[in-house]
Amino acid sequence: MSKDFYRELGLNTPMINFNGSLTHLPDQVWDFEKCLTVDKKYLLDMVRRSEDIQADFIAGEYRKKFYITNPNEEIANPKLFGVEAFQPEDQFKPELVTKDPNCILLQTRASDKYALAKEMSAFYQHQLSINTWGGPLNILECTPKGVNKAFALDYLLKVMNRDKKDLIAFGDEHNDTEMLAFAGKGYAMKNANPELLPYADEQISLTNDQDGVAKTLQDLFL
């Protein structure tokens with residue numbers, strides 16, 4: 001999905017995916033690409049414990065593919081994975097997990113996804129970064145320990161020899177907290193999760209659907 005927006009906007013700058021696990025230039029070879037992975041043992045264990053964490057689905061995400069335990073479009077939105085519909089080859093099978101994924105994505109029926117994220121982090125002895133997003137969807141995203149959007153942006157700033165005071169960030173979900181706190185100027189969208197607001201320098205008056213990011217950038221630079 002992010003690649004579609006990237007191409008539509010005509011961008012040619014680095015992109016960050018999987019909540020910080022992948023920093024790259026889409027469709028190009030780049031000497032500074034950073035691709036981090038989660039040990040596949042965590043994916044396999046979460047699948048075994050799917051009832052304990054009340055998972056609707058669990059997916060291992062890779063750069064060009066994903067495997068999902070329940071490719072039922074009434075439960076899992078294919079657009080979360082950048083596709084219009086699930087295909088048979090997307091079905092999770094343990095024997096297909098031969099490489100470590102970039103991240104693990106799951107949707108839970110638990111009433112408190114934030115509490116579940118903390119419980120899972122403790123269960124795995126804090127060897128994973130587990131963030132939440134998805135608005136009304138109870139989505140948890142697991143990346144390598146210490147990896148988040150701020151981690152990737154810090155790396156990118158060093159590569160580009162820029163200071164974080166030059167960095168502007170926009171966020172709307174809990175997985176944007178580190179990024180907004182890190183940026184020189186962090187904006188929370190009007191529709192932002194209330195959990196995010198303490199980390200933002202300012203909350204803008206427009207939502208995602210009202211093109212809040214584009215209009216704020218227009219006001220700042222044009």
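Two strands pair if DSSP finds at least two bridges between them. Strands are DSSP runs of E, at least two residues long, and helices are runs of H or I, at least four; both are numbered from the N terminus.

## Basis of the model

This is a predicted model: local features need pLDDT of at least 70, side-chain atom pairs count only at pLDDT 80 or more, and totals for chains, interfaces and linings use all residues. Residues are numbered from 1 along each chain as its sequence is written, and side-chain values use heavy atoms, with hydrogens and water left out.

An open sheet is built from three strands in the order S1-S2-S3, with antiparallel pairing. Strand S1 (15-17) and strand S3 (34-35) are its edges, each pairing on one side only.

S1 joins strand S2 (residues 22-24) through three bridges in the antiparallel sense. In this pair, Met 15 is opposite His 24 of S2.

## Salt bridges

The structure has 11 salt bridges. The term means a side-chain nitrogen of Lys or Arg within 4 Å of a carboxyl oxygen of Asp or Glu.

Asp 27 sits in the loop between S2 and S3, and Lys 3 in helix H1 (residues 2-8), so the pair ties together parts 24 residues apart in sequence.

## Two domains

The chain divides into domain 1 (40-144) and domain 2 (163-221). These bounds come from an automatic or database domain assignment. The C-alpha centres of the two domains are 26 Å apart. Seven residues of domain 1 and six residues of domain 2 make the contact, defined as heavy atoms within 4.5 Å.

## The domain interface

Domain 1 and domain 2 bury about 510 Å² between them, and carbon and sulfur atoms give 40% of that area. Buried area is the accessible area (1.4 Å probe) that two parts lose on being put together, summed over both. On the domain 1 side, Tyr 114, Asn 131 and Trp 133 lose the most area to domain 2, together 72% of what that side buries.

Across this interface the rule finds zero salt bridges. It does find two residue pairs in polar contact, both at pLDDT 80 or more. A polar contact is a pair of N or O atoms within 3.5 Å; within protein, one must be able to donate a hydrogen and the other to accept it, and residues adjacent in sequence count only if both atoms are side-chain atoms. Strand S7 (residues 128-133) gives the most to the domain 1 side, with three residues.
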